[in-house]
Amino acid sequence: MAVAARKAGRAGAGAANKSTSSKGSGRGAAPNTPQFDKDQDLSAYNDMLLIRRFEEKSGQMYGMGLIGGFCHLYIGQEAVVVGMQMATKEGDQVITGYRDHGHMLACGMDAKGVMAELTGRRGGLSKGKGGSMHMFSKEKHFYGGHGIVGAQVSLGTGIAFANHYRENGNVCLTYFGDGAANQGQVYESFNMAQLWKLPVVYVIENNRYAMGTAVNRASAQTDFSKRGVSFGIPGEQVDGMDVRAVYAAGRRAIEHARSGKGPYILEMQTYRYRGHSMSDPAKYRTKDEVARMREEHDPIEQVRRRLLEGWKLSEEELRAIDSKVREIVNEAAEFATHDPEPDPSELYTDILL
């Protein structure tokens, strides 16, 4: 599904530059929000719905004790990674933090492999040894899930340096959150990336609460798009709940980086519906706030309305899409529940001393 979304994104590049006044636009869209064509809306809807249903199932399985350790869900933030992936080309890389299941699925990684990794099974994408926070796929150019806050920023900058050195034309999308944005290594990375004009796009997923502290209580500068100003790195704030806005900004940023102009910062203003992790009751915000975000800004519901009202799809057609997605997720859960655990010998493989 994610591969289809990326193809649809490239095919509809012209349509994405049109204003929302034309057919297929959503209600309440900002005046400069680009329009998607029907194929783009369908692809985005499929991919975001897959992430949503996968994460809902992951939460259920965690509650049943089938998933251990930490588990950070991406529910509410789906438009960010789906829109960005639609703007990439084959060979571009992705690296992120520990809220990573959605990124893996958006990169085209098999839902069975992702879920099996969550349950610590042999068929997991890291052979069952990485769990929720540490999955990789060389084939899909996905370089992790990283559990250390902000660690992926310096690593992503290193990947971009390798692209620069090899002159391969690839761009590394480096995701991190509003909490990680205050880490010192982030600014060391910014400095090197701009100094050497590295092909990297820093995607700050600002979901407002980091690990549980409101952004205005933890950050002196809450406009994260300006975090690169002292280094001369351009940036912009993006409605991270609208996949069309994410895609358009992603195209601009990736083109900037790919053309040799250096890094670019995108602050995705998004929102997570669940707590920081499954163990977080999220008492630092009201239920009314979460309900209001779901009702007024849900990224999937926005596309659903466009499909119904703009593209005249029927409720039955959308139910069929949901049914197919649920089937994929249920098959992944079934596989992840019955797949064998790793052989004890795996404890001694893939270890660097």
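Predicted model: local features only at pLDDT ≥ 70, side-chain atom pairs only at ≥ 80, totals over all residues.

Reply: Residues are numbered from 1 along each chain as its sequence is written, and side-chain values use heavy atoms, with hydrogens and water left out.

Me: Is helix H3 enclosed or exposed?

Reply: Buried means under 20% relative accessible area, exposed over 50%, and partly exposed in between, with a 1.4 Å probe and protein chains only. Helices (H or I, at least four residues) and strands (E, at least two) are DSSP runs, numbered from the N terminus. The buried residues of H3 include Glu78, Val81 and Gln85. Nine of the nine residues of H3 (residues 78–86) are buried, so the helix is largely enclosed.

Me: Which residue forms a salt bridge with Asp298?

Reply: A salt bridge is a side-chain nitrogen of Lys or Arg within 4 Å of a carboxyl oxygen of Asp or Glu. In this pair the closest N and O atoms are 2.9 Å apart. Asp298 lies in the loop between H10 and H11, and its partner, 246 residues apart from it, lies in helix H2. The partner is Arg52.

Me: Is Asp350, which meets Lys127 in a salt bridge, buried or exposed?

Reply: The two side chains meet at 3.6 Å, N to O. Lys127 lies in the loop between helix H5 (111–118) and H6 and Asp350 in the segment after H12, so the pair ties together parts that are 223 residues apart in sequence. Lys127 is partly exposed, with a relative accessible area of 36%. Asp350, at 61% relative accessibility, counts as exposed.

Me: How many charged residues are in the lining of the second largest pocket?

Reply: On a 1 Å grid over the protein atoms alone, a pocket is an open set of points where a 1.4 Å probe fits, with protein on both sides within 12 Å along at least five of seven lines; lining residues have an atom within 4 Å of a point. Of the 15 residues lining the second largest pocket, the closest to its centre are Tyr45, Arg53, Ile300, Glu301 and Arg304. Asp, Glu, Lys and Arg count as charged, Ala, Val, Leu, Ile, Met, Phe, Trp, Tyr, Cys and Pro as nonpolar, and the others, Gly among them, as polar. The lining has four nonpolar residues, no polar ones, and charged residues numbering 11.
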